[in-house]
Amino acid sequence: TELDALPEGASASQFADQMLVSLREPWTPTPGGATHAAGSLLAVGIDAFCRDGARSEFVTLFAPSARCSLGGWTATRSRLVLSTLENVKSRLRFWEYDAAAAAAGAPAWKDAGAESEGAIRGLSVRAVDSDASDDVFLTLNTYLEPSTLALADARRGAALVGDAAHLRALPAQGGAAAREAYQREAAPGDG
């Protein structure tokens, strides 16, 4: 089968008429072609992949770097929300899928932006109903603020976290206003 064209250890899932492929090892789909790094997230039309296998055109939705990895993703009706870790700070990235554009032969995936910078926080994003809505539940926690459950619209893109409607939160702990959470990086000494 054409699924055998995927590397061992890769995982595949469906988004609309697309197959999302998460790689655990580097993969070169065609001899002499581009190599996708381990940790990449790729998209390909299901029909094209069933017809052409690894010769299909893959869209790279995420490629890792030395300081950035993919923590996971959540699919809504028309968006894909990627949760990344950049230098150990969480950051959301957004992709918009347009099935009509794909049917017309135009690029189906549009980069819908990202948060301007990562934040020191725990963040979980889950679709409310991925078949009917772009709404997501956010669970946020930081060193200074209590765990909070919020509702947001993935179509808001980078404004998603700031515009989220808070639903519930654990009680606040005393003294958080006088504290600051920060991250520093040590320069290597003698090795």
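Tutor: Helices (H or I, at least four residues) and strands (E, at least two) are DSSP runs, numbered from the N terminus. This is a predicted model, where local features need pLDDT of at least 70, side-chain atom pairs count only at pLDDT 80 or more, and totals for chains, interfaces and linings use all residues. Residues are numbered from 1 along each chain as its sequence is written, and side-chain values use heavy atoms, with hydrogens and water left out.

The protein chain holds three helices and twelve strands. Its C-alpha trace spans about 60 × 55 × 25 Å along the principal axes. There are 191 residues, and 34% of them count as buried. Buried means under 20% relative accessible area, exposed means over 50%, and partly exposed is in between (1.4 Å probe, protein chains only).

Now the charges. The chain carries 17 positive and 24 negative side chains. Lys and Arg count as positive, Asp and Glu as negative; His and the chain ends are not counted. The centres of the two sets lie 6 Å apart, with each charge placed at NZ of Lys, CZ of Arg, CG of Asp or CD of Glu. Side chains of opposite charge can pair when their charged atoms come close. The whole structure has ten salt bridges. The criterion is a side-chain nitrogen of Lys or Arg within 4 Å of a carboxyl oxygen of Asp or Glu.

Take strands 6 and 7. Strand 6 covers 79-86, strand 7 covers 89-97, and Asn-87 sits in the loop between them. The side chains of Arg-79 and Glu-96 form a salt bridge at 3.7 Å, N to O. Arg-79 is in strand 6 and Glu-96 in strand 7, so this pair ties together parts 17 residues apart in sequence. Arg-79 is buried, at 10% relative accessibility. Glu-96 is partly exposed, at 23%. Most residues other than glycine have a negative phi. Asn-87 is partly exposed, with a relative accessible area of 31%.

Next, Asp-134 and Arg-155. Their closest N and O atoms are 3.9 Å apart, and the two form a salt bridge. Asp-134 lies in the loop between strand 9 (122-127) and strand 10 (135-141), and Arg-155 in the loop between strand 11 and helix 3 (160-163), so the pair ties together parts that are 21 residues apart in sequence. Asp-134 is buried, at 3% relative accessibility. Arg-155 is partly exposed, at 48%. This pair also belongs to a network of salt bridges that links Arg-77, Asp-134, Asp-153 and Arg-155.

A further pair is Arg-156 with Asp-163. Their salt bridge is 2.3 Å, N to O. Arg-156 is partly exposed, with a relative accessible area of 47%. Asp-163 is partly exposed too, at 41%.

Another joins the loop between strands 9 and 10 to the loop between strand 11 and helix 3.
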